[in-house]
Amino acid sequence: MLYVLLLSVFLQQQPELIRMLEASRHEWTGGREETGKGVDYGIKLVVLKGSARLKFVSITVDQRGCDFKVSNISRPRKADRYRKGDTLMISALLKNPPEYHPEKVKPYPVIGCSFKRNIYYFTVRQGIDAAHDKYK
């Protein structure tokens with residue numbers, strides 16, 4: 001019986017918390033040597049739970065933390081407060097990313113969310129449109 005209970009916990013589906021709409025990435029290098037380089041990510045999504053229950057706790061790329069800001073597009077005056085169905089824009093910055101070989105696929109951002117005392121991770125991985133440098 002314990003085996004069945006443990007197996008059900010491991011096979012449990014992630015709850016539907018967010019739905020990705022689009023994402024973009026933009027690499028940049030500063031004009032002066034001390035300004036460094038980085039990658040800006042823009043992730044547009046619809047939340048399926050309100051902010052009282054769902055919190056964005058991290059954005060990581062290749063296990064490196066990013067600075068990020070969440071903006072409510074549907075109701076801009078509410079800032080970090082949102083309701084089910086609101087469209088949000090997450091702006092993230094990865095400072096001084098490691099060098100990747102041109103043949104290697106660049107890593108995708110991973111969104112960490114807390115919901116009901118659990119943390120869930122969602123990879124922004126819908127393919128890269130090389131012409132526009134956008135995730136689909």
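**Exercises: salt bridges and burial**

At 19% relative accessibility, Arg75 counts as buried (buried is under 20% relative accessible area, exposed over 50%, partly exposed in between, with a 1.4 Å probe and protein chains only). This is a predicted model, where local features need pLDDT of at least 70 and side-chain atom pairs count only at pLDDT 80 or more, while totals for chains, interfaces and linings use all residues. Residues are numbered from 1 along each chain as its sequence is written, and side-chain values use heavy atoms, leaving out hydrogens and water.

**Exercise 1.** Work out which parts of the chain the Glu99 and Lys37 pair ties together.

*Solution.* 
- Step 1: the closest N and O atoms of Glu99 and Lys37 are 1.9 Å apart, in a salt bridge.
- Step 2: Glu99 lies in the loop between β6 (87-95) and β7 (109-115), and Lys37 in strand β2 (residues 37-47), so the pair joins parts 62 residues apart in sequence. Strands (E, at least two residues) are DSSP runs numbered from the N terminus.
- Step 3: Glu99 is exposed at 63%, and Lys37 is partly exposed at 28%.

Technical notes: A salt bridge is a side-chain nitrogen of Lys or Arg within 4 Å of a carboxyl oxygen of Asp or Glu. Helices (H or I, at least four residues) and strands (E, at least two) are DSSP runs, numbered from the N terminus.
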